[in-house]
Amino acid sequence: MDRRFSRDQEKLRERTRAFVQKEVPPEIARKLDGEGAYPHGIMAKLADQGFWGINVAEKYGGLGGGIIELMIFFEEISKTLPVLAWTSGNVLLYGNNILQVNGNEAQQKRFLPGLMNGEYLFCFALTEPDAGSDAANIITRAEPVNGGYRINGSKVFISGASVSHIAVTNTRTASSRYKGITSFLVDTDQEGYTAAPIRKLGYKGSDTCEVYYKDVDVSQENILGGEDCYNQGWKQMMRLLNGERLVLSACALGISETVLKHLVTHVKERQKSSRIQGKYQAVAHGIAEMAARVEAGRQLAFQSAWMVDQEMECVKETSMTKLFCAETGKAVTRLGMEVMGRLGYTMECDVQRFYRDIPILAIGGGTSQIQKNIISKLMGL
Amino acid sequence: MMDFELNSEEKLIQKAIRDFVTKELPQGVVRELDGMGQFPEKQLTALSKLGFLGLTIPEAFDGEGVNIVEACIVAEELAMGYPALAACYANAVFGSGAVLATLGSEDQKSRFLPGIARGELWVALALLEADDDAGGIETRAAPEGAGVVISGEKPLVALGDVADAFLVLARTGKTDDLALYCVDGNAPGITRNRVDTLGMHGENLVNVVFDRVWVESQAILGGMDRQMTAPEQLEMIQNYQLLGIGAQALGMARGAFGLALSHAKNRVQFDQVIGKFTAIQEKLTDLLCDIAAAKFLVYNAALVASTGKKFTREVAMAKIKAARIAVQASMDGLQVFGGYGYSMEYDIQRYVRDAAGTLSAGISNESLGLKIAKSMGL
């Protein structure tokens, strides 16, 4: 079995790495985390350098990449400033990917060129105050009015909601739990749409918001995928989940790899100045064990991505990947806080930022508990 | 046979401090103080008026009489609601009160202890430097006139911003001998630079530079006719410091656990409170067991300390375990809260930030592990 990365994939990794090195050196990453503002400047540069085309079909002028290309990009970008992965999601995932997986041709033609050149940002509005892990419990409703629909309700933890142009909004359109959900492309300029950012522990600058819809009118054409997709929202979302889990896993891997790098540098320095021989064996072993887990996570992640590419059934594998990579990331950053010592507790040390960033990867995109539900169910339990 | 049941006096203290937390530290107040990152002076003054700051200070020096267990109870209960306040409190009762009551000369006791008990005088511990042990000390104390001149830098000194005095560990002369000095915070040559930290805002960390700071010979801890060597004194100081950190970590774990438990009882998903899911129950059960274990270790160390015996190994075990469970409870607590836990509007994120500091506070868990190994003859 040959699963080497293609030359183009290697080139994308190099290109992303070079971009991050040049545009997001550690001091800029620290500054952006401190300010917590949406990184419009870096997003514009990513657009200028053609990154927004990596997962757009060639017929629309994109590079035609798939899940592996996305993972490479997200892994590399998460190594320095994880929140850039989320803001990139406002183009690559909630724009490019959703439109190509679930949009109709008219919607693709209308938005993809603008997404690629950085004109549009999309956000994905599903979670509600009472519909977190239990996502099908949403109550934000869209009611038929004058040949269109009127949306009322609220959403929470919607990343990029106050800066996005389009909010892909999932609404209740019938009482059936799974067959009563419709997804709309909502223009955020429309009256009645408001979004207020939430202050968070980490991933600062993601513009994660509470969103309110008050009599927001949309037309039939705004149904994601067109009129035929009325009440098909849940099914549409299911098609996105494998990709979402793998991309989030790639984010966790990027964070883990950087933290390991920090630890190796730090321990090497301490070893040099230490008067006690052999003092660092236990620490070194702790780091080695984490490195083994991260490598296992990487193998699992790209194996699952390969299955996605081959269109094989792999819900169990992607769920295992997300569970394993997110929990490994938590363990790695926690070890990081322990090994970095007092220095690790100061804001000058990047490990504390990764420690603040990582927990959400075990929550968003299906908590670790939900992943275990899926895995055990698929095992017949 | 050890008895971990609180006696009636300890129960009274526990009730009094719980009442204080309920009354003086409502959520909004703690959130605001954490946001501002200022030394919680008002709350500490209130604690001193209730006598809590005197729990490790003899009555002869305006204290309440020494009661290590009660001081632990107070630190633990405070940390449940506001860990940084507990850290400031522990600094007073353990880091300086117990230390000076045990190791100080009569002069030093009269000079410092009454002020500490009243919450008016703060002594910061400026002990370690690059390493977790005394071997890494580069700060020097060189004889000059009727005293010594201290030069060096102490990184990340807790309460270094407000300290009226520092207890400084230095090398003496050209030998490898160590000595501890009580240094007036206003002495010429001291500069303080505050460092931003992930959490424990209020118990602020400061890099303190001592540039040719002169102190008189009698400022040596214990005075000229002291009974203990500096390494022995250092061990005692660190043991008290670790006991305070252990009690704080235990309180933080309980605080985070309490938030998670109440969320699990209230949050409904899939038509039931999430606490009905056995996966959540298991998480909370594990935490409950580990917190109980940490509690036994912390109070065992406190009881041994109360007898006047050496409690180096006991307190090392207590601190390692309590710090770990504090981190675990905060992270598991956040997981139980889900997305809400990640929002600054909820308090569990503060426990995540505060608890992470306990891993390296005082002496890191890693170095304590080495100490315990040594005590086992390894």
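**Ground rules.** Residues are numbered from 1 along each chain as its sequence is written, while chains are lettered from A and ligands numbered from 1 in the order in which they are written. Since this is a predicted model, local features need pLDDT of at least 70 and side-chain atom pairs count only at pLDDT 80 or more, whereas totals for chains, interfaces and linings use all residues.

**Chain A against chain B.** I looked up the chain contact to start. Chain A puts in 32 residues and chain B puts in 30 residues. I take two residues as in contact if their C-beta atoms, placed from the backbone, lie within 7 Å. On the side of chain A that touches chain B, the elements giving two or more residues are α8 (281-309), α9 (315-340) and α10 (350-357) of chain A. Helices here are DSSP runs of H or I with at least four residues, strands are runs of E with at least two, and both are numbered from the N terminus. α9(A) gives the most to that side, with 4 residues. I then sorted that side of chain A by class and got 13 nonpolar, 10 polar and 9 charged residues. For the classes, Ala, Val, Leu, Ile, Met, Phe, Trp, Tyr, Cys and Pro count as nonpolar, Asp, Glu, Lys and Arg as charged, and the others, Gly among them, as polar.

**Domains of chain A.** Chain A is split into domain 1 (7-120), domain 2 (124-231) and domain 3 (235-378); the bounds come from an automatic or database domain assignment. I checked domain 2 of chain A against domain 3 of chain A, and their C-alpha centres are 31 Å apart. In the contact, 8 residues of domain 2 of chain A meet 6 residues of domain 3 of chain A. The domain 2 side of this contact has 4 nonpolar, 4 polar and no charged residues.

**Strands in chain A.** Next I followed β7 (residues 208-218) of chain A. It pairs with β3 (residues 148-159) of chain A in the antiparallel sense, over 8 bridges. Strands count as paired if DSSP finds at least two bridges between them. A:Gly153 has A:Tyr213 in β7(A) as its bridge partner. β7(A) also pairs with β6 (residues 193-197) of chain A, antiparallel again, over 5 bridges. There, A:Thr194 stands opposite A:Tyr212.

**Domains of chain B.** Chain B has domain 1 (8-121), domain 2 (124-219) and domain 3 (230-375). I looked at domains 1 and 2 of chain B, whose C-alpha centres lie 23 Å apart. 16 residues of domain 1 of chain B touch 13 residues of domain 2 of chain B. On the domain 1 side, α2 (27-36), α5 (83-103) and α6 (106-118) of chain B each give two or more residues. α5(B) has the largest share, 7 residues. By class, the domain 1 side comes to 9 nonpolar, 5 polar and 2 charged residues.

**α5 and α6 of chain B.** I stayed with α5(B) and asked how it packs on α6(B). The angle is about 155 degrees and the axes are 9 Å apart. Axes are lines fitted to C-alpha atoms, for helices over the stretch in contact, and angles run from 0 to 180 degrees between N-to-C directions. α5(B) and α6(B) are therefore roughly antiparallel, a term for angles over 145 degrees. B:Ala92, B:Ser96, B:Gly97, B:Leu100 and B:Ala101 of α5(B) meet B:Gln108, B:Lys109, B:Phe112, B:Leu113 and B:Ile116 of α6(B). I get 6 nonpolar, 3 polar and 1 charged among the residues of this contact.

**α7 and α8 of chain B.** The axes of α7 (residues 230-266) and α8 (residues 278-306) of chain B come within 10 Å and cross at roughly 155 degrees. That makes α7(B) roughly antiparallel to α8(B). α7(B) contributes residues including B:Leu243, B:Leu250 and B:Phe257, and α8(B) contributes residues including B:Leu287, B:Ile291 and B:Val298. The residues of this contact divide into 17 nonpolar, 1 polar and 2 charged.

**Strands in chain B.** β2 (residues 140-144) and β3 (residues 147-158) of chain B run antiparallel, joined by 5 bridges. B:Arg140 stands opposite B:Ser151. The two strands form a hairpin with 2 residues between them, and B:Gly145 in the turn has a positive phi of about 60 degrees. β3(B) also pairs with β7 (residues 205-216) of chain B, antiparallel over 9 bridges. B:Val149 has B:Trp214 as its bridge partner there.

Key
Angles under 35 degrees count as roughly parallel, over 145 as roughly antiparallel, 65 to 115 as roughly perpendicular and the rest as oblique.
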